[in-house]
Amino acid sequence: MRWPWTGSEDEKKSRLTSWTGAVSTTNWSSTFTDAQTLIPAVVFAATTVGALRIYKSYFRRIPSVNHIKPGYFRRRSLFGRVTTVGDADNFRLFHTPGGRLAGWGFLPWKKVPTTREGLLRKTIHIRLAGIDAPELAHFGREAQPFSKEAHEWLIQYIQDRRVRAYIYRRDQYDRVVAQVYVRRWLWRKDIGLEMLKMGFATVYEAKSGSEFGEFEQRYRDAEQKARESKVGMWSKSTILGRLRGGSAKAPESPREYKQRHTAADKLKKII
């Protein structure tokens, strides 16, 4: 093929006339609306849009609570690896969307960091929904009986394991309140429910902020059974419980512990 601007002047004029005539006489509207052109273009566009929506919905990694869209709560779940356990009712989750099927764990660019620096601002703080565990020592307050045992149990149960969190809401401490499940052999275990069975937690009793979904009665039944079986924190009365006139069957609950310290703090401010 020779371009219109090459050759002699006469050849240039001839080819230019021929080329511009062909362009002007081409029916461009029919070319772009022709089925052979239009259908592949529509399919390609639809496939691209669909792939982007799937990626954003299921394979986009969420690094922190600030990246969770409001519409996700009560509709979506997060799958990831537990990196650290805080108190006995909360932990840090590194989101790994798609899990092993998406290459997490074996692709070089899809590895969960193992250092504190590598995890900084890349995890989601999860608060187990529907339960309250004994409090560790914080802010000058003494540790609650069985807080160490509950904390160690949770570490052994979920540390470095993959879990699925069904998210409910964001709380006042920028944690995501969620019902969380972990695979233990062939069974999927509700972590909050297992803690209640072990006697390492009570059903959450705060007036506001409680989240149960459809599992409240199951949780209450599990706590009652643990009380009757005298396991975990229900196994014996505490010194504090006896001083407060309690019995072996009624140790101080995490909620009562918080209320006692809140009242003491208010009294200090008045004095």
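Biologist: Where is aspartate 174?
Modeller: Aspartate 174 sits in the loop between β5 and β6. Helices (H or I, at least four residues) and strands (E, at least two) are DSSP runs, numbered from the N terminus.

Biologist: What should I know about the source?
Modeller: This is a predicted model, in which local features need pLDDT of at least 70 and side-chain atom pairs count only at pLDDT 80 or more, while totals for chains, interfaces and linings use all residues. Residues are numbered from 1 along each chain as its sequence is written, and side-chain values use heavy atoms, with hydrogens and water left out.

Biologist: Back to aspartate 174. What is its phi near?
Modeller: Phi of aspartate 174 is near 65 degrees, a positive value in a residue other than glycine. Most residues other than glycine have a negative phi.

Biologist: Why does aspartate 174 count as partly exposed?
Modeller: Because its relative accessibility is 39%. Buried means under 20% relative accessible area, exposed over 50%, and partly exposed in between (1.4 Å probe, protein chains only).

Biologist: And phenylalanine 146, what is its phi near?
Modeller: Phi of phenylalanine 146 is near 75 degrees, also a positive value in a residue other than glycine. Phenylalanine 146 is in the loop between β4 (131-132) and α5, and counts as buried at 17% relative accessibility.

Biologist: New topic. Which residues touch the most other members of the largest nonpolar core?
Modeller: Ile68, Phe91, Ile126, Ile158, Val180, Ile191 and Met195, out of 48 residues. Such a core is a set of buried Ala, Val, Leu, Ile, Met, Phe, Trp, Tyr and Cys residues joined through side-chain atoms within 4.5 Å. Elements that each supply at least two residues of this core include β1 (77-85), α5 (147-158) and α7 (216-229).

Biologist: What does valine 180 touch?
Modeller: Its contacts (heavy atoms within 4.5 Å) include Phe91, Ile126, Leu128 and Ile191, not counting residues up to four places away in sequence.

Biologist: Now arginine 127. Is it buried or exposed?
Modeller: Arginine 127 is buried, with a relative accessible area of 6%, and belongs to strand β3.

Biologist: What does its side chain make a polar contact with?
Modeller: The side chain of aspartate 132, at 3.3 Å. A polar contact is a pair of N or O atoms within 3.5 Å; within protein, one must be able to donate a hydrogen and the other to accept it, and residues adjacent in sequence count only if both atoms are side-chain atoms. A polar atom of the arginine 127 side chain also lies 2.8 Å from the backbone oxygen of isoleucine 131.
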